[in-house]
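Reader: Hello! I am new to this structure and would like to learn how to read it. Could you guide me?

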Amino acid sequence: MPDARSDTCDVLVVGGGGAALCAAIAAWDADPSLDVLLVTKGELGASGVTATACSDRMAFHATLPTTEPGGPDAWHYHADDIYRIGGLVSDWDLAEVLARNASSAFSYLESLGVPWARNPDGTPAQFVTDGSAYARACYTGPHTANEIHAALLRRLRELPVRVVDHTMAAEFLFDAGGTIAGALVLSEKEPSATTISASAVVMATGGAGQVYATNVFPRDCTGDGYAMAYRAGAELVNLEFIQFGLCSVSTGLACSGSMMRALPRLVNDLDQAFLLKYLDTDDQSRACDLLFRKGASWPVSLEEPTHIIDIAVAAEIAQGRRVFLDYARNPQDYAPRRLGPAVQDWYAKRGYRLGDDDDTPLARLCAINPQSVAWLAEHGIDLDIEAKVEVAPAAQHFQGGIRIRTDASTTVAGLYAAGETAGGQHGANRPGGNSLLDGQVFGRIAGESAARRASRLTDARQRAPSTTQTIAKLATPQGEDPDAVIERVQHLMTAHCAVRRTKGGLASTVRELEEMLRTGVALDPPAQARTVEALNILQVAYLVATASLGRDETRGPHLRFADDHTTEPLPRRDDRWQRYQVIQRGSQGPMVSSRQPVARPSKSDV
Ligand SMILES: Cc1cc2nc3c(=O)[nH]c(=O)nc-3n(C[C@H](O)[C@H](O)[C@H](O)COP(=O)(O)OP(=O)(O)OC[C@H]3O[C@@H](n4cnc5c(N)ncnc54)[C@H](O)[C@@H]3O)c2cc1C
C-alpha cells in the first residue's frame, strides 16, 4: 500500500445504500455532538442496490396498525414468518427486532417523504409475498427502494454528516488492544491511501453479487464487508444461503409475477420444451400450472415445488444450452380448460378470456402487465419482433453475513453491521420485502449503538491505530491479474455453487479457490481498488463455497444433489441441520462450526 494520509471521526459508516444512510442519520440523531463520516465506494445515489434496483413492484414489509390480523401482538406473526420461512436457521430475537420495529421504520420513511401506495380509504396498501401469512408488503411501485434511498439522502444532506464518495474501505485499523479503530480507505481521486481513525465503525456495504457471473447486483457489490470482517476475525453466518431466481440475461429483469403468469413456452435453443422431461410427465397443463405458480414464488427454494423449474433451467445451461421464455406461441397442447382452477380464476378475475383465437402468451402479458412489455422494449427486447427473452438463474440477495446481535454489534469490538452485510436475521429463505426493512431497522440500531460507543470513548480517536496489512500480504507483483481472477471465480461459482450444488463440484471449487488464494492477486497500483475487490470476491467465494460444502442437506436455496445427473435434491435434514454454520478466520484458514441459533421461545408460538 502506498503512504497513507490520515483523518479522524467519531463514527465511521462504510457504504452508501439504505442501511448506511439510515445508520449515519441515526448516529447523528443519537448524539449531534459527534463527528459522523460516511465513506462510500461508488457515486452516492447511483451505486449499491437500494439506489439502483427495480422490479415489478418492490416491497417493504411492515406490520402496521392496519395490518391483519391486527392487535398489539400482530408483530409475532411477522417475526414468525421470517423465522419459519427462513427454515428455522436464523436468530429468533433478530426476527423479533425486525418485526417490532417495522411500523416505526415505515412511519419514519413516510415522514421523510416516501410516497407509500394507499388504498382508496387512505390506509397503506399492502400485499402478500413469498408465503407470508398476512399482507405486509408496502410499496410505492417498481422503484420503492430508490424512493427510500432518495428520501434518506435528502435528510442526510440536511445534517452536518461528512460524506465522501468514490472511496473504498479496504482494511480495518486496530488499536493496541485489538479493537477496531477505523479503516484504511482508497480514493478514486487520490493516489495515496487514507487512514481514518474512529471510535466505532458501521459496515453497510451490501451483498456480494459479483461473486457470480450471472447476478442482478450493481458492479460495486463485491462483498467487501464480508471479506474485511473475516480478515478482522469476526464471525460470519449463513453464507451458503443466497437467493437465486430466473432473470433476463441481457437486462437483469427478474422474470417473476406476470412474466411467468402469462404462461410463456419455456424452451431451449433447440426449441425443445424441456420442462416436461424434468417433470417426467407428458401433461402440459401440469407444466403450465407450475409456471403460473412460479409467478408468485420467484426465488429458488426447496420448500416451494416450483424449484424444479430452476433445476431444469440450470441443468440445460450446464449442458451448454441457452434457455428462453417464448411469448410468441402457446405451449404445445395448450388447453385452457385443463389448467388448474388457480390459473383460470386468476384470469377470470382480470376479465381475460383464456382460449380465444388471439390468446397467446404475449397477448396475456400485454393484458396483465403492459408495463413489463414496455420496459423490455426500452431495454432492447421488443417482444413484438423477437418474442423471446433469454433467462438464467441470477444471484439477487445474500441472506447471511457478518453475525450481529440485537444491538447490531458483531463479535469484534467496535464493529457494527447492518443491511445485507449483516447476518443472522435471515435464515435460508428471505421472505420478500424484509431486506429493505432490515436495512432500516438494523441501520438505525447500528447507528445508535455506534454513537453510544463513540460518546463513551471520546478519547479513542486520539490513539494511533495501525493496520494489519493483510491485503498487502495477499496482493503481490507475482499474483494473477485482478480481472482474470474475478472472471475465473465468477465462472466457478456459477457452475458449482449456484442452483445445482454437489459434493464433488463444491470440493473441487474450494480446492481451486484455495490455490488461487495462494497465488494471490497482482498488485497494480493504478488499479489498486480493483486488486482489493478481486481479493474480496475471491475470499468471499471461498467462504461461500466452504459453507456450501459443509451443509450436506438441502434447505431453502441451498440445493444439494447426490451427483451431476440427479434432478431430485437431497432431503432437508432437521435432525442434523436445524442449525446455522458460523465461519471465522483461524490460523490455518476458515474455522467452520455449526451452532444452534437463538430459538423461538415457546410462548411466542402463534
Ligand atoms: C433487483 C432487486 C430487487 C430487489 N427487490 C427487493 C424487494 O422488493 N424487497 C426487499 O426487501 N428487498 C429487495 N431486494 C434486496 C434489497 O434491495 C437489498 O438487500 C438492499 O437494498 C441492500 O441494502 P444495503 O444498504 O444493505 O446495500 P446496498 O444498497 O447495496 O449498498 C451498499 C453500498 O456499499 C457501498 N460499498 C460497497 N463496498 C464498499 C467499500 N469497500 N467501501 C465503501 N463503500 C462500499 C456500495 O457502493 C453501496 O453504496 C432486491 C434486490 C435486487 C437486486
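Predicted model: local features only at pLDDT ≥ 70, side-chain atom pairs only at ≥ 80, totals over all residues.

Reader: How far is the ligand from the side chain of threonine 50, and from aspartate 220?

Author: For polar contacts, look for pairs of N or O atoms within 3.5 Å. An N or O atom in the side chain of threonine 50 is 2.5 Å from an oxygen atom of the ligand. For aspartate 220, a polar side-chain atom lies 2.6 Å from a ligand oxygen atom. The backbone can take part too: a polar backbone atom of leucine 436 is 2.8 Å from an oxygen atom of the ligand.

Reader: How much of the ligand does the protein bury?

Author: Taken alone, the ligand exposes 1,000 Å², and the protein buries 96% of that.

Reader: How do the axes of helix α12 and helix α13 cross?

Author: With a pair of helices, look at the axes and the angle. The axes of α12 (residues 361–368) and α13 (residues 370–378) come within 5 Å and cross at roughly 110°. Angles of 65 to 115 degrees count as roughly perpendicular, so α12 is roughly perpendicular to α13. Leu365, Cys366, Ala367 and Ile368 of α12 make the contact with Pro370, Ser372 and Val373 of α13. Those residues divide into six nonpolar, one polar and no charged.

Reader: Where is there a cis peptide bond, and which residue other than glycine has a positive phi?

Author: In general, most peptide bonds are trans, and most residues other than glycine have a negative phi. In this model, a cis peptide bond joins glutamate 68 and proline 69, with omega about 0°. Proline 69 lies in the loop between β4 (60–61) and α3 (74–85). Leucine 263 has a positive phi, near 55°, and lies in the loop between α7 (258–261) and β13 (265–268).

Technical notes. Residues numbered from 1 in each chain as written. Heavy atoms only, no water. Axes fitted to C-alpha atoms, helices over the stretch in contact; angles between N-to-C directions. Helix = DSSP H or I, 4+ residues; strand = E, 2+ residues; numbered from the N terminus. Parallel < 35°, antiparallel > 145°, perpendicular 65-115°, else oblique. Contact = heavy atoms within 4.5 Å. Nonpolar A, V, L, I, M, F, W, Y, C, P; charged D, E, K, R; others polar. Polar contact = N/O pair within 3.5 Å; in protein donor to acceptor, adjacent residues only side chain to side chain. Areas by Shrake-Rupley, 256 points an atom, 1.4 Å probe, with all protein chains shown as cover.
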